[in-house]
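Reader: Could we go through this model together? I would like to begin with the contacts and then turn to the ligand.
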Amino acid sequence: MTASAMVAEFDDVAGWTADAIERLGERYAIPAACRGSANPTALAWLAEACELKPGSVLLDVGAGVGGPAAWAAERFGVRPILLEPMPAACRAAARLFGLPVVTADGARIPLRAGSIDAAWCLGVLDTVRDKAAVLREIHRVLPPGAPLGLLVIVARDPRVPGPEGNLFPTRRALAGLLDAAGFEVVEQTDRPGDAPLSWTRRVERVAAAVAGRHRADRAHALAARQSETFTRLFASGQISVRLVHATRRPAGRPSERSAHGGPMSTPTGDEFEIEFEAEVEAELELAKASDPARVAAQPVSEWLFDPAEAEAEEVELRNLLGAAEELESGFRSWGHGPGEGA
Ligand SMILES: C[S@@+](CC[C@H](N)C(=O)[O-])C[C@H]1O[C@@H](n2cnc3c(N)ncnc32)[C@H](O)[C@@H]1O
């Protein structure tokens, strides 16, 4: 990760954020130091899914300024270890929260195999070129069966032009990467929920304080441009947040994916039909959120996608959803529904 906009965002702005938090007060620290789209709703989903326990060691890979790890320590009593390659972000996290920070790359974690209890990696994979290497390292330091919580920004289309340095995986590619690294996906959601105003107001106050001092700085302009691109891509439905709870598969156990030859954990029978329907529904939600009519009203130079194509895709997805619903109800009426025996 060497793109200048990313260094600006994850190093320079990270340090300035810590300065602003110190000026404004401690209550601003956790919200403003969550810099990977995580909010309390998403963090609570991940913490509950991973069943974080007081005293257990949580490694946060790509921890940034440490907001999510500090939140987990405060709310769930875990003992976090932060791993982050950007020196200013590491210094900021240590200064703000006094947590142990390792300055290192996620693809070379300087910890012993099986030495932690749980891992998080939030908003990081889309900034990393070799995602498989980071996932393999997390797998190595977790014991078998231990939980991994991920927040990943996924793209509808692998060709979506990300902000500088970002390479968004599709949901399917992410599932493949996790499987290949030796993780079993337990549960995932594309609807993490919004942050409450009490949280967003504090984030905005800190951002305004940073802008007040550094607006004229090149690094600030670069980071602001990244953030604007993210906002437009989210608004157009081209990218979305996916939360994943996975567990480390014991060594030598084949993945259910490869055992069943399908894309998800149990792609046979009625579960396959339901899963397919849910996937189409999720795609349709994203297509609707992209609001092609609004995009069409903008100048062509502003378009992030062709609205005519998006409308055609929405129609196609509606047809597909109809077919998926029929497939599922047909499957149930043939006596294969849950509880009816196969
Ligand atoms: C969007 S920020 C998220 C920070 C933090 N996880 C959070 O949610 O607040 C992405 C972070 O990933 C870090 N990162 C990028 N490449 C990395 C790598 N190869 N290994 C570990 N962390 C990396 C960046 O330095 C940055 O702090």
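Author: A contact here means heavy atoms within 4.5 Å. The model is predicted, so local features need pLDDT of at least 70, side-chain atom pairs count only at pLDDT 80 or more, and totals for chains, interfaces and linings use all residues. Residues are numbered from 1 along each chain as its sequence is written, and side-chain values use heavy atoms, with hydrogens and water left out.

Reader: Which residues does Val102 touch, not counting those up to four places away in sequence?
Author: Val102 touches Ile81, Leu82, Leu83, Glu84, Cys90 and Pro110.

Reader: And which strand holds Val102?
Author: Val102 lies in strand S3, residues 101–103. Strands are DSSP runs of E with at least two residues, numbered from the N terminus.

Reader: Why does Val102 count as partly exposed?
Author: Its relative accessibility is 23%, and partly exposed covers the range between buried, under 20%, and exposed, over 50% (1.4 Å probe, protein chains only).

Reader: Turning to the ligand, how many residues surround it?
Author: The ligand is surrounded by 20 residues, each with a heavy atom within 4 Å of it. The closest are Arg35, Gly62, Glu84, Gly106 and Leu122.

Reader: What is 2.7 Å from a polar backbone atom of Gly62?
Author: That is a nitrogen atom of the ligand. A ligand nitrogen is also 2.8 Å from a backbone N or O atom of Gly106, and one is 2.8 Å from a polar backbone atom of Leu122.

Reader: How much of the ligand's accessible area does the protein cover?
Author: The protein covers 96% of the 600 Å² that the ligand has on its own, by the Shrake-Rupley method with a 1.4 Å probe.

Note on methods. Helices (H or I, at least four residues) and strands (E, at least two) are DSSP runs, numbered from the N terminus. A polar contact is a pair of N or O atoms within 3.5 Å; within protein, one must be able to donate a hydrogen and the other to accept it, and residues adjacent in sequence count only if both atoms are side-chain atoms.
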